[in-house]
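Open the model in your viewer and keep the selection tool ready. We will go stop by stop, and each stop tells you what to select.

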Amino acid sequence: MRKTSALLLSFVSIFFLAARADEFRFPLKSGSVRFAAIGDMGTGDTAQYEVAQRMVAARQNFPFEFVIMLGDNIYGGSTPRDFEKKFEVPYKPLLDAGVKFYASLGNHDNPNERFYKLFNMNEATYYTFKKGNVRFYVLDSNYLDAKQLDWLQKQLQDAGEGDWKICYFHHPLYSSGKTHGSSIELRSLIEPLFIKYGVDAVFSGHDHVYERLKPEKGIYYFVEGSSGQLRAGDLVKSSITDYGFDSDRTFMMIEITGDEMYFQTLSRAGNQVDSGVLRRPVRTPAPTK
Amino acid sequence: MQTKRRLRHASQAILLAAVLLLARAAIASGQNAPPTSPKEEAKNAEEFKEFLDRVQAYVNLHKTIASSLPALKPTALPEMIKAHEQALGRKIREARPHAKRGDMFSEKSQAAFRRAVRDEFRGLQGRLARKTIQQGEPLKEVHVRVNEPYADSLPFTTVPPTLLLRFPKLPDQVAYRIVGRDLILLDVEANLVIDSIHEIFPPAI
């Protein structure tokens, strides 16, 4: 029997804190990785600007260093005016403060966004980068071809065991959004790799809601597709939903320190939508014959 | 309501299990295409070869023209990106003034592409592929023209990944895209439609 690399996943603990925004406290530990997550934001509308302002305000208390973008970064065109109105102006205070943005592509994005320096894609539609003890894998889920699959497998294979592995891309593998829902075909191809190589958490957008899924096969999933767009009432909470919110725009803030991931999701109005601490799954290789 | 939801989840689970089996077989065998018979594979390889030769000739032209332009490096100036995209597209159009449908997708290769699409859209797998396209915001009542730019305001319909595994791999400069029921070949950097196959996809995707 061939060696199996199946992993036995056990969650030491998962606990969530139900708290108001002013009650949740990030540990702000030295050397921790601090970032924000936004998805489906690039509308150029007032709501996007209001979320951006809220991010600036939230950064006073939680100084995140970078932002991961879950796709649909620039809706409706890719002219210089589009970049200005839908990215540079709303996030100017963050950009001026040295916050870096790392973009993934959505179905509304021109792939030539990869040349835009402020998206830090380094000319690639899929890429990887590392911050502290976290390795990020950024995929182009709108065009997952054989080359990208091979690349992902190799990158995950070559990664060490010690780091957190976080993947993000536009289309959610799990979602209770009525409009789109789970991308089952995509899931069939990449979830086996996530499981085999120990991906810890996955962030996506596309459905214009916020949803935290129950861990699936030992992996934490988030849908954050309402940082500009919103489909109010689109979330049909189901057996896979742990928590969901679809009545206002949101963004997420995350701190990873050691084996713990602290997260807080705020609404455009500054109210806490969700928060908690996730412990990194302990993975024990399955016994082989 | 609860029962309906459970039924929906159960049917999704069955579909997923079927696709997982296919995908795992492809990944485990180290191949990137769903399994086909050796005879079929040989036929596809022959029919796709002509297409790939033509694509390679196009990519050579693309590279020659791109090398005559200032190299595009990551820039904080979106106008530089747009200017490069437009200049490259314009020069390629000028170099191929008579470009028309079928230049890349030869008759022979079209048959292979149509066969691949037909196989993809069969049965359980077909339902998933349709769902992927529907989730990827299909473009209806939109037609694009060969040798014209892909309209800047249009989204890119998600191409089912399992369909991509059936198609021949492309050089980085070009990509398959779906517009309505048409399959198009796009020069990604120039944002230029190079070729298309009309109504290759089944109705109501």
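Is Glu199(B) buried or exposed? Select Glu199(B) and look around: Glu199(B) is exposed, because 12 other C-beta atoms lie within 10 Å. Here is the scale: a residue is buried if 20 or more other C-beta atoms lie within 10 Å of its own, exposed if 12 or fewer, and partly exposed in between, with C-beta atoms placed from the backbone. Glu199(B) sits in the segment after strand 3 of chain B. Its phi is positive, about 45°, although Glu199(B) is not a glycine.

Some ground rules before moving on. This is a predicted model, in which local features need pLDDT of at least 70, side-chain atom pairs count only at pLDDT 80 or more, and totals for chains, interfaces and linings use all residues. Residues are numbered from 1 along each chain as its sequence is written, while chains are lettered from A and ligands numbered from 1 in the order in which they are written.

**Stop 1: chain B**

Color chain B by secondary structure. You will find six helices and three strands. Helices (H or I, at least four residues) and strands (E, at least two) are DSSP runs, numbered from the N terminus. Along the sequence, the pattern is α-α-α-α-α-α-β-β-β. Of the 205 residues of chain B, 35% count as buried.

Now select the three strands of chain B. They form an open sheet in the order 1-2-3, with antiparallel pairing. Two strands pair if DSSP finds at least two bridges between them. Strands of a sheet pair through backbone hydrogen bonds, either parallel or antiparallel. The edges are strand 1 (174–179) and strand 3 (192–197) of chain B, each pairing on one side only.

Zoom in on residues 182–187, which are strand 2 of chain B. Strand 2 pairs with strand 3 of chain B over five bridges, in the antiparallel sense. Pick Leu183(B): its bridge partner in strand 3 of chain B is Ile197(B).

**Stop 2: where the chains touch**

Show both chains. How many residues does each chain bring to the contact? Chain B brings 44 residues and chain A brings 36 residues. Two residues are in contact if their C-beta atoms, placed from the backbone, lie within 7 Å. On the side of chain B that touches chain A, helix 1 (2–28), helix 3 (78–95), helix 5 (123–135) and helix 6 (161–166) of chain B each supply at least two residues. Helix 1 of chain B gives the most, with ten residues. That side of chain B divides into 22 nonpolar, twelve polar and ten charged residues. Ala, Val, Leu, Ile, Met, Phe, Trp, Tyr, Cys and Pro count as nonpolar, Asp, Glu, Lys and Arg as charged, and the others, Gly among them, as polar.

**Stop 3: a bent helix in chain A**

Select residues 184–196 of chain A, which are helix 5. Helix 5 of chain A bends by about 40° at Ile190(A), and a proline, Pro192(A), follows within four residues. The bend at a residue is the angle between axes fitted to the seven residues ending there and the seven starting there. The buried residues of this helix include Leu186(A), Leu189(A) and Phe194(A). Just after helix 5 of chain A, Gly198(A) takes a positive phi of about 70°.

**Stop 4: a sheet of seven strands**

Stay in chain A. Seven strands form an open sheet in the order 6-7-8-9-11-10-12, and the pairing is mixed. Its edge strands are strand 6 and strand 12 (241–245) of chain A. Inside this sheet, find strand 10 (residues 210–213) and strand 11 (residues 220–224) of chain A, which pair in the antiparallel sense over three bridges. Tyr210(A) stands opposite Glu224(A) in strand 11 of chain A.

**Stop 5: strand 13 of chain A**

Select residues 250–257 of chain A. Seven of the eight residues of strand 13 of chain A are buried, so this strand is largely enclosed by the rest of the structure. Five bridges join strand 3 (residues 33–38) of chain A to strand 13 of chain A, and the two run antiparallel. Phe35(A) has Ile254(A) as its bridge partner in strand 13 of chain A.

Met252(A) stands opposite Thr265(A) in strand 14 of chain A. The two strands form a hairpin with two residues between them. In the turn, click Gly258(A): its phi is positive, about 55°.

Key: The expected span of a helix is 1.5 Å times one less than its number of residues.
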